[in-house]
Amino acid sequence: MSNETKNEHPLYEVFIRSKNGLDHKHVGSLHASDAEMALTNARDVYTRRSEGVSIWVVKSTDIVASSPEDRGSFYEPSDDKLYRHPTFFELPDEVGHM
Amino acid sequence: MDVIEQELEELETAFQAKVDAEQRIEPKDWMPAKYRQTLIRQMSQHAHSEVVGMLPEGNWLTRAPSLKRKAILMAKIQDEGGHGLYLYSATETLGTSRDEMFEQLHSGKAKYSSIFNYPTLSWADIGAIGWVVDGAAIVNQIALCRCSYGPYARAMIRICKEESFHQRQGYEIMMTMAQGTKEQREMAQDALNRWWWPTLMMFGPNDANSANSAQSMKWKIKRQSNDDLRQKFIDATVPQAEFLKLTIPDDKLAWNDERGHYDFGEIDWDEFKSVVKGNGLCNRERLQARIEAHDGGKWVRDAALAYAAKQKTRNAKAA
């Protein structure tokens, strides 16, 4: 893998809220010299057909991500707590919907 | 077998199982080095094709027959630039950089779709490109929406949504010309005559001669074979041409009841190979235009960086 970025503008990840009431969703990335340019570029690249009402841009290097290799152990604490799911509890039919 | 080799084999088996189970591969997941390389090559060349694809159409921007057509063509070309960006961005998730990809394009090491090495001689070419070239691209790209690599598949979905406008605007240009004066009909026919065969070549060599196909199919990078996709495109396009009362330039083209498909003539593979090698009508011109655009934009990129640095220092002082 190469991290050569000698002449490149920094990479920004782009998140778009398609309409109010919905979450922002990752749509891709782009290069820009600063945050302001990243926003206007994101508008031009990712919302040419009114796909969004709000845009977030985040420098890719600022994102901290979990790694897939330790998926097992990382999520383990939740794996043995089946009682967190409603289906863990059996109710008689007479109780009806709960 | 040593431990490392055994470990690698286990990883590869797990990877293939994941692909077979229709699970998507995401950037940080383990993947075979060859899978990564294949994707970087295919995706970056796809991105380059979108970007170089702006050039033949740009030729007609200043000579579009009306302001409406000009605005539409501009929007289409802007889309192609956007598609290039989606794809570069998706390719970067595999660990290559934008600069590296540009370098490979500009040095001629990376290819782009040969179709863009043909010239656009008349306004009808813009119609033909939208209708058949983008039509063929859509057939290819719909198959790629289910590619095993998540970022590529997602980029393709976005692209397919937009590509449909491109094909319809092209068909509408052809329809207008096909219903126009005798000269206009001839222009439309001439454009179809020149673009038809190169368009069929866009699907790549016949399955029997396609070196990388089998592995790509196994990895579900590719979902359908070159020949299947080509057939699909022909079957869809022949009735569209009939409606326009234009003739597809292939005297072997005929409906085959038994197969339930159109039969068609043999593609001139020597021409295909020659254009891929760099001997098409416009190879040098396209690459030159691309390099000049990149180099010519350097001062803008430098100025933007200098401005960003200045703002940063200013804000730091003010704080």
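I began with A:Phe88, which is partly exposed at a relative accessible area of 46% (buried is under 20%, exposed over 50%, partly exposed in between; 1.4 Å probe, protein chains only). A:Phe88 sits in the segment after α2 (71-79) of chain A (helices are DSSP runs of H or I, at least four residues, and strands runs of E, at least two, numbered from the N terminus).

Ground rules I noted: this is a predicted model, where local features need pLDDT of at least 70 and side-chain atom pairs pLDDT 80 or more, while totals for chains, interfaces and linings use all residues. Residues count from 1 along each chain as written, chains are lettered from A and ligands numbered from 1 in written order, and side-chain values use heavy atoms, with hydrogens and water left out.

Next, the interface. I find 26 residues of chain B and 28 residues of chain A in contact (heavy atoms within 4.5 Å). About 2,100 Å² is buried between chain B and chain A, with 47% of that from carbon and sulfur atoms (accessible area, 1.4 Å probe, that two parts lose on being put together, summed over both).

Then I looked up the charged pairs: chain B and chain A share 4 salt bridges (a side-chain nitrogen of Lys or Arg within 4 Å of a carboxyl oxygen of Asp or Glu). B:Glu162 and A:Arg49 form a salt bridge at 3.4 Å, N to O.

Which elements give two or more residues to chain B's side of the contact with chain A? I got α4 (67-92), α5 (98-106), α7 (150-178) and α13 (298-318) of chain B. α4(B) gives the most, 8 residues.
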